[in-house]
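Hi,

Here is the structure I said I'd pass on.

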Amino acid sequence: MKTLLIGEYREGKLLDSTYELFGFAAQLGADTAMLLVGSDAQLPAYGGTLYLADASVCGEYSPDLHKQLILEAVQKENPDYIVFVHSSYGWDLAPRVAASLKVAQVSEIVGLVDGGFEVGCCNAKMRRTVKPASGRGVLTIQAGAYPVLQPGGSPAVQKITAAGGGSLEFVGYEAAEKKDVDLGKAEIIVSAGRGIGKKDNVPVILALAKALGGELGASRPVVDAGWVEHSHQVGTTGQTVSPKLYVACGISGAIQHLAGMKKSDFIIAINKDKDAPIGEIADVLVVADVMQFVPALTAKVAR
Amino acid sequence: MKLLVCIKQVPDLESRFKPDAAGVWYNETDLAFRMNEYDEYAVEQAVQLREKLGEGTELTVLSIGPDRVVEAIKKALAMGCDNAVHIQDTAVSAKDPWQISSIISTYVQGKGFDLIFTGMQSQDRGSAQVGVTVAEQLGFACTTTIVGFDYADGTVTAKRELEGGIKGVVKLKTPALVTCQLGLNVPRYPTLPNIMKAKRKEITVIPVADLLTADLLATTTSFHPPAKKGGGIVLEGDVGELVDKVIAILKDKTAVLR
């Protein structure tokens with residue numbers, strides 16, 4: 001079996017997530033070739049064939065050109081699977097490649113089973129097994145689901161390039177909002193999720209954070225709703241944290257949130273839904289109403 | 001200008017899911033359905049553009065599924081869409097993203113739509129494929145995961161959400177398709193007068209067989225809960241007792257309390 005792995009490069013740097021692709025290919029037991037729109041100053045530690053296009057010519061986000069480059073490499077390699085990380089780069093580009101080749105795409109793979117792929121569904125509460133009808137396809141793997149694997153060596157570089165305007169113009173990057181709280185250094189984080197019900201309840205969660213001597217964190221919906229500032233957001237698009245204690249209050253556990261906090265030493269989750277995916281990684285799941293349990297806990301802790 | 005927003009109806013994700021008889025998707029009994037959350041942002045953005053452009057602009061909402069999806073269509077109409085297309089399909093869950101995309105593309109083909117809005121993914125299937133695939137099938141410019149949107153003179157300026165809070169700014173010429181991320185705007189609640197007004201708006205019903213020509217590219221062979229990893233303790237019961245247990249655990253397992 002052969003895979004064409006699509007590496008990722010942003011703001012002049014090879015992204016570490018690229019190595020998760022090798023971790024996946026190893027579990028699949030597949031041969032590899034890689035394609036990267038990047039720079040020869042940032043080559044992956046990999047001894048195989050690398051189709052390398054110059055990002056300063058082909059752009060970092062230029063889906064039409066990148067698709068063209070991938071299709072060219074597919075012609076040469078004839079892979080069974082073309083593999084992306086399920087990231088803002090991967091989920092944007094993968095369907096374009098799959099549509100051009102008229103092959104199945106399987107999104108956000110977390111496991112391999114019996115000739116098929118295991119993917120999450122229903123907000124990560126359930127799993128599906130999916131099989132591409134032709135045995136060939138485009139795959140995206142869940143970020144963080146596979147181990148980082150650095151094969152080592154220097155790649156046999158085959159330079160490729162693409163030209164043309166493309167259907168969109170990339171204007172540039174906008175830096176992340178300045179963080180007034182560095183949650184990355186916090187030893188204790190108490191986070192609020194949608195389960196707290198309303199903005200007025202945020203102080204209740206903040207009170208527990210204070211009583212424990214920690215910082216306030218938040219899940220995405222709470223930030224989107226304007227209940228808590230973005231600088232407190234934990235997850236893929238917020239901060240990645242690894243405190244000694246993480247208390248998740250009314251957080252169901254969307255993948256994007258879990259990716260940002262699963263390395264915490266000890267996780268306590270409070271949720272009224274016993275099946276919430278946060279339970280999969282929590283050391284302790286307290287099945288209770290957050291607004292009843294948290295004030296009671298704060299009172300005991302503060303004493 | 002002609003605008004289209006594609007929406008899906010999904011179950012309340014707080015529900016407990018049980019496999020259906022074939023064991024390949026959820027059993028719909030006892031599930032409450034609502035508009036896919038990502039699609040609410042897509043509808044809101046489309047309605048805001050419709051309001052900005054005013055007369056001469058038409059906004060259509062489209063949904064594929066059994067008759068229950070009319071409820072989500074009516075919500076979109078009450079939010080401000082002008083008219084609707086219900087592609088009637090009682091076997092929608094058996095279709096893969098390629099077929100769903102093809103159904104939409106076949107409908108759109110030749111109707112002169114300038115701009116299409118979709119959610120970036122559904123909350124139940126979560127493949128994040130349909131929007132982009134529709135754009136590819138139609139040859140529309142496309143960008144995904146937008147958290148900022150502006151339109152002027154045939155050009156969309158969108159902000160894409162990237163990892164770590166960085167954003168990418170992109171310009172696209174119409175015809176174009178954008179997939180919408182949570183937080184793009186604040187989806188409105190339909191007002192009572194608008195709910196009443198929506199009852200008079202036209203919903204065109206098309207049987208899916210009229211639009212389906214594509215073959216299935218992927219099949220789902222199983223739907224099941226994730227394997228329990230174990231290790232975690234589940235505590236249930238009286239709040240007072242739960243607090244005592246958690247305090248004991250904090251003292252025992254962490255250095256947080258002494």
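First, the ground rules. This is a predicted model, so local features need pLDDT of at least 70 and side-chain atom pairs count only at pLDDT 80 or more, while totals for chains, interfaces and linings use all residues. Residues are numbered from 1 along each chain as its sequence is written, with chains lettered from A and ligands numbered from 1 in the order in which they are written.

Chain A has eight helices and 17 strands (DSSP runs numbered from the N terminus: H or I of at least four residues for helices, E of at least two for strands). Its C-alpha atoms fill a box of roughly 70 × 40 × 35 Å along the principal axes. Of the 303 residues in chain A, 56% are buried, meaning that 20 or more other C-beta atoms, placed from the backbone, lie within 10 Å of the residue's own. Taking contacts in chain A between residues at least 6 apart in sequence, 65% join residues at least 24 apart; a contact here is a pair of C-beta atoms, placed from the backbone, within 7 Å.

One helix I looked at is H5(A), residues 202-211, where Ile205(A), Leu208(A) and Ala209(A) are buried. Why do they line one face of the helix? Seen down the axis of H5(A), the buried residues fall within an arc of 100 degrees (taken over directions from the helix axis to the C-beta atoms). They pack against strands E13 (188-192), E14 (215-218) and E15 (245-249) and helix H8 (290-302), which belong to chain A. After H5(A) comes Gly213(A), with a positive phi near 75 degrees.

Now the two chains together. The contact takes 68 residues from chain A and 68 residues from chain B. Strand E9 (126-132) of chain A pairs with strand E12 (218-224) of chain B, antiparallel, over six bridges (strands pair if DSSP finds at least two bridges between them). In that pairing Val130(A) stands opposite Thr220(B).

There is also an open, mixed sheet of ten strands, ordered E12(A)-E9(B)-E8(B)-E7(B)-E10(B)-E6(B)-E1(B)-E4(B)-E5(B)-E11(B). Its edge strands, each pairing on one side only, are E12 (168-174) of chain A and E11 (203-207) of chain B. Within chain B, E1 (2-7) and E6 (115-119) run parallel and are joined by four bridges, and Val5(B) has Phe117(B) as its bridge partner.

Cheers

How values were computed. A residue is buried if 20 or more other C-beta atoms lie within 10 Å of its own, exposed if 12 or fewer, and partly exposed in between; C-beta atoms are placed from the backbone. Two residues are in contact if their C-beta atoms, placed from the backbone, lie within 7 Å.
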